[in-house]
Amino acid sequence: MTIIEQGPLRPPSEANSLLMRLFRSCPWNKCTFCHAYGDEKFEIRPIEDIIQEIANIKAIEKDALEITKGEELSKLSPLGWNKVQGYIVSKYGYQGASMLAWLSFKDKNVFLQDADGLIGKTDYLLEVLDMINSNFKVNRITTYGRARSILHKSPEELKQLYEAGLNRIHMGLESGSDAVLALSNKGVNSEENIKAAKMIKDSGMELCIYIILGLGGVRYSDENAIETGKAIGFINPDHVRVHTLAIHDDMPIYHDFKGGKFEMVSEDQAVRELKMMFLNLDDYNGEIICTHPLNLLTEINGNWPEDKERLLGIIDEYLNMSDADRLNFQLGRRMMVYQRIFDMNYNDRYQKVDSMIKRIGTVDGVVEILRELQKGCN
Ligand code: SF4
């Protein structure tokens, strides 16, 4: 039984959130590096469907409370929990069990899907927020927001949404460079991105932006790094999540890559972009998160500017290695033999990667394997 329809994407920080799909697909769906929605048609889901889905979750909650005789789900013993879960799974299937888990959380968060929650009319969104808040005690409600949709809202509308409980926007800034945004067909320029991001901050909502190392390829590598660093400084978001470009054959950019029109940056160059971006992060106060496995240096995680020296130190430790050690680290990280640079000190792991490199035989051969392994991290 389908309790609630869910889309394919959510931010990493929303792993424990209830995913509530208000829209299907992306209203833009033209970014060259994106393959999230394929050719799925963009649709706004009728409010009646959302009402029904909330009723489905309430039915699970009611059943669970009947079995526990009103005892809070978060306080159940393991035995009590098994009994409730067994019943819910038999009645509602696996999705019922995941809703039950969400209902048991003390801090309940909701993420509104799909790719652009702010494309919805403000009245529609306010109605959904009201329904969520009047049925559940939630801590945080968040959604993705495209710059174009943010700019279509007035500051008053954004404030209204914030006051109704929408308290964080995840925004794909991708790059601070106009050339890179145009190349990747993002549909906005940097000025619009910055303006939209500032509107979110001014409304009171938290802002998490996403940027992509390597998005400008070799040609715009420096510009991507420098302009993105500057844009982050102008916006001053609460969180910056860093990704590194990987190219799949179902992405629009694949044809340019295959045809030689787009040259991907190397693993080393992506790390140099990160450093250059850091060196242009004037006036930024917030969190930097590089933990996504698409990145090479996933240990880069901290607050800016307090952790500036430590984070730059990790980058320099990597860049100062010999060519052979950097290649060893790249393959070891992508093979998940290493999680951080320190792991190269385990001789058995180092030797394992080294013998793999010898078996592959050439640096080009290793690079090809690295690209394949990185694609598995999306
Ligand atoms: S706006 Fe986001 S979801 Fe839509 S195509 Fe671009 S990257 Fe993909």
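## Salt bridges in the predicted model

The side chains of glutamate 40 and arginine 21 form a salt bridge with an N to O distance of 3.2 Å (a side-chain nitrogen of Lys or Arg within 4 Å of a carboxyl oxygen of Asp or Glu). Because glutamate 40 lies in the loop between β2 (23-24) and β3 (43-44) and arginine 21 in strand β1 (residues 18-21), the pair ties together parts that are 19 residues apart in sequence. Helices (H or I, at least four residues) and strands (E, at least two) are DSSP runs, numbered from the N terminus.

This is a predicted model, in which local features need pLDDT of at least 70 and side-chain atom pairs count only at pLDDT 80 or more, while totals for chains, interfaces and linings use all residues. Residues are numbered from 1 along each chain as its sequence is written, and side-chain values use heavy atoms, with hydrogens and water left out.

Buried means under 20% relative accessible area, exposed over 50%, and partly exposed in between (1.4 Å probe, protein chains only).

| Residue | Relative accessible area | Class |
|---|---|---|
| Glutamate 40 | 32% | partly exposed |
| Arginine 21 | 6% | buried |
| Lysine 261 | 71% | exposed |
| Aspartate 256 | 33% | partly exposed |

Lysine 261 and aspartate 256 are joined by a salt bridge whose closest N and O atoms are 3.8 Å apart.

In the salt bridge between arginine 334 and glutamate 267, the closest N and O atoms are 2.8 Å apart. Arginine 334 lies in helix α13 (residues 323-334) and glutamate 267 in helix α11 (residues 267-279), so this pair ties together parts that are 67 residues apart in sequence. Both arginine 334 and glutamate 267 are buried.

Salt bridges with shared partners join Glu5, Arg21, Arg24, Glu40, Lys41, Glu43, Arg45, Asp49, Glu53 and Asp114 into one network. The count of salt bridges comes to 29.
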